Amino acid sequence: MMTAMTTKTRKDIAPHRVPHRASLCASHRALLCAPTATAGARRHVWRKPRAGALPLLAICALACCAFPETQTAARAQQPTGPLSAPTRPGGDASAPAGTLSAPTRPAPPAATSAGKHRVNPGNDGNQGAPARILARARPAPTGRPITLDGLAYINLVHFAKELGCTAAWKKTGDKKNPEILVLSKGSRRYEFTVGSREFTADGVRVFAGSAIRATRGTLWMSRIDATNLFEPIVAPANGRRSATPLKIIAIDAGHGGIDKGKINERLKIFEKDMALDTARRLKPLLEKQGFKVVMTRATDKKIELADRPEFAAKAGAGLFVSIHYNSVESNLQNVSGIEVYRFTPRYQAPVSRTDVRIEDKIGNPGDAHGFWSSVAAYDIHRALLAGLKAPDRAFKHHKFAVLRLAKCPAVLVEAGFLSNDAEARKINTPAYRQKIAEAIAAGIKAYADAAAGST
Ligand SMILES: [Zn+2]
């Protein structure tokens, strides 16, 4: 970008033989040249220097030669001026303007105004900032949180560096989001788009509670997401002080009795039956790993939602896993795949909407286990995707009652769509449900290892 601008400037000035053209900064050049618009093209034409300008020009030219960095500073202060080239991945976000490293040069946002743009589900269209604002702004001091719309945000690049990540920008070829921020730790990649709640963690789709914001020359993640979601995914060991070794697991087969859950009428498949069978298959797999397992229901009976986490708490469970199957009202045969949920943290809106309401500000028991619920949900989601090769419908968050009332880390699994006939037929086979149970067991093992400190 900067190379292209330099070439244009030289071409514009050269015909007029401006003395020592490369040394003159933009403001000094203005004494000699005036830009004009001719047939849509921007050209520079010679103009006679004002009386007394020539001595001033001579001083300017000498000054520009002697202190070329003043030209860089002048460009950096221009509203649309380019930032300097990336210095190194993972550069310090607190570096002064004009020496910004790659991660502090955010891409233009997906949208700049909710009123002008359609807001995608899970994508806060008004959360970004125009690129010119980013270019003009100076980065905030490293690590110091800022407040946006009443929520604390922290410098994402700085935070990621503290977690051992490096950072760089990647071109996407997409006009709406030409660049994404890529954070790397070992072989794992975490990719962020300005203005979106969705990011990818090692190829897995994840929905944060608040969109990534771009301001003050860098990217910002809500502190709740940083400490309750991103950190648990990137560095679960950081939460070990709050971890208790996993010994007892509560499996919650969704629905039951007169509550049939989701139904595929065409194939006569009920969610309550699929969930119970999957839970029954999961229990011995976990017992084989050495865990004690309790089930909120082992038969076809209705259990109130509030009673399920209560039962788990009384049994002393260290993890609550609720098993469900999914459904959509329209586009039935095109929607399939895996979703795994944690409880939406306080002060954030569930993934189904973007506006934070009064009820979102109320505290719940589920708030106390955000870190380890995220570790568990991420591990189980990854294991399901790896085991089933099903579409990734993302690791999400919602205010489901069983998660809201859980008194231990809690996860809700939606292991496939009964509304999709092809997926429902697979779910209706014992072999596929066994694969689902094995994948959940593998995810729980990964979670237990993290909680025990062996990973
Ligand atoms: Zn359900």
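Hi everyone, let's start in the middle of this one. The largest nonpolar core has 92 residues, and the ones with the most contacts inside it are Ile249, Ile380, Val411 and Ile440. The largest share, ten residues, is supplied by helix H13, residues 430-452. Domain 2 (102-234) and domain 3 (237-452) each put at least three residues into this core. Before I go on, please keep in mind that this is a predicted model.

As background, nonpolar side chains tend to be buried together in soluble globular proteins. With that in mind, let's zoom in on one member of the core. Which residues does Val411 touch, once we leave out those up to four places away in sequence? The list is Val321, Val340, Tyr341, Arg342, Ser373, Ala376, Ala377 and Ile380. Ile380 on that list is also one of the residues with the most contacts inside the core.

Let's walk across it. Strand E3, residues 146-148, pairs with strand E4, residues 151-155, through three bridges in the antiparallel sense. To get your bearings, look for Thr147, which sits opposite Ala152 in E4. These two strands make a hairpin with two residues between them, and Asp149 in the turn has a positive phi of about 50°.

Next step: E4 to E11. Strand E11 covers residues 218-222, and three bridges join it to E4, again antiparallel. Here the pair to look for is Asn155 opposite Trp220 in E11.

The buried set is Ile224, Asp225, Ala226, Asn228, Leu229, Phe230, Glu231, Pro232, Ile233 and Val234. Notice that Asp225, Asn228 and Glu231 are among them.

Strand E7 (188-192) and strand E8 (198-201) pair antiparallel over three bridges, and Tyr190 stands opposite Ala201 in E8. Their hairpin has five residues between the strands, and Gly195 there takes a positive phi near 85°. E8 then pairs with strand E9 (204-207), antiparallel over four bridges. In that pairing, Thr200 faces Arg205 in E9. The E8 and E9 hairpin has two residues between its strands, and this time Asp202 takes the positive phi, near 55°.

That brings me to backbone angles elsewhere. As a reminder, most residues other than glycine have a negative phi. Asn331 is not a glycine, yet has a positive phi of about 55°. You'll find Asn331 in the loop between strand E16 (319-326) and strand E17 (338-343). Is Asn331 buried or exposed? Asn331 is exposed, because 9 other C-beta atoms lie within 10 Å, and the cut-off for exposed is 12 or fewer.

Lys389 is another residue other than glycine with a positive phi, near 55°. Lys389 sits in the loop between helix H10 (370-388) and strand E18 (392-398). Lys389 has 8 C-beta neighbours inside 10 Å and therefore counts as exposed.

One last stop, and it's a loop again. Glu265 lies in the loop between strand E13 (263-264) and strand E14 (269-270). Why does Glu265 count as exposed? Because Glu265 has 8 C-beta neighbours inside 10 Å. How far is the C-alpha atom of Glu265 from that of Ser419? The separation is 8.8 Å, although the two residues are 154 residues apart along the chain.

Note on methods
Residues numbered from 1 in each chain as written. Predicted model: local features only at pLDDT ≥ 70, side-chain atom pairs only at ≥ 80, totals over all residues. Core = buried A, V, L, I, M, F, W, Y, C linked by C-beta atoms within 7 Å. Buried ≥ 20, exposed ≤ 12 C-beta atoms within 10 Å, placed from the backbone. Domains from an automatic or database assignment. Contact = placed C-beta atoms within 7 Å. Pairing = 2+ DSSP bridges.
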